[in-house]
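Student: I would like to go through this protein with you, step by step. Could we start from the overall fold and then move to single residues?

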Amino acid sequence: MLSFATVHIMHLLTTNKWVGVSVALSLFVVMGVLLAVVTVRAKNHIKPRKHVHTVRCIAIAVNAIADGMALSSLFVYLGRFPALWQSAEAAAVLIGLFALYLALTYIPFARKHYIICMAIYLLLIVGLGITLCVMASKAVRPVSLMMILYMIIFIAFFITLADSAHDAKEHIERVAYSSFAGVIVALIVLAIISDGGGDFLSGADAGGLGPSGANKKRNPYAYMPYDYAAFAAMTKVTNPKYSDHPPFPPIKP
């Protein structure tokens, strides 16, 4: 819920596509370093373990905020945010799917064959999510994309259910480490919004220094655009050096 709320808060705070993902990656680095330092100090009996537990809980919350910040950059880039009610429904669906499997863990078969059951459950959810995203209309496409990216975080938290933790504090440790799966989401967003040069090429185009908009959208694996091909053909015809035949037929006296 904290992550979904951050997406819409960032919608009100910035219109720059780089702000959210940049701050998000910085937060991940800071929390990773802080968590590592506190853990090492606790193992060396320099700091009490209760401080480690507190930092882990803080890391989970801060990383959730970073997830929302990273996703906000994607929606700024796309020029369209999901509606608030759509985000609320998406959050409810993900929480409901998580709670549903918690209920399934009371079935003896799910406990005995937990790896198979968890794998099948994840495959069904991911397959359904991809199908809905592909078939989504333009109005619900932003929230569908959000759901697909949140699947990465969902899976990271989901696999901790069967982790061999002795108590709640140890389980929180696993969840804290899993919360860094948001780094994958941030890197995916960063790759999408980079757009082959981003704002630098946009500024170059304005000054006439960069490639034109048509060339930026050109498929690099396709054949040469017509204007370049025509220019090359004309050069070859009019320049005897690059032609097997004279440029013009000889004129008879």
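Student: How many helices and strands does the secondary structure of the protein come to?

Tutor: Happy to start there, and please keep in mind that this is a predicted model. Along the sequence, the pattern reads α-α-α-α-α-α-α-α-α-α-α-α. The secondary structure comes to 12 helices and 0 strands.

Student: What share of the contacts with a separation of 6 or more is between residues 24 or more positions apart?

Tutor: A contact here needs heavy atoms within 4.5 Å. Among the contacts in the protein with a separation of 6 or more, the share from residues 24 or more positions apart is 75%.

Student: What percentage of the residues counts as buried?

Tutor: To count as buried, a residue must have under 20% relative accessible area. The protein has 253 residues, and the buried share of them is 32%.

Student: Is Gln86 buried or exposed?

Tutor: Good one to look at: Gln86 sits in helix 4, which spans residues 84–104. Leaving aside residues up to four places away in sequence, Gln86 touches Ala139, Val140 and Val143. Its relative accessibility is 8% and the cut-off is under 20%, so Gln86 counts as buried.

Definitions and conventions: Residues are numbered from 1 along each chain as its sequence is written. This is a predicted model: local features need pLDDT of at least 70, side-chain atom pairs count only at pLDDT 80 or more; totals for chains, interfaces and linings use all residues. Side-chain values use heavy atoms; hydrogens and water are left out. Helices (H or I, at least four residues) and strands (E, at least two) are DSSP runs, numbered from the N terminus. Buried means under 20% relative accessible area, exposed over 50%, partly exposed in between (1.4 Å probe, protein chains only).
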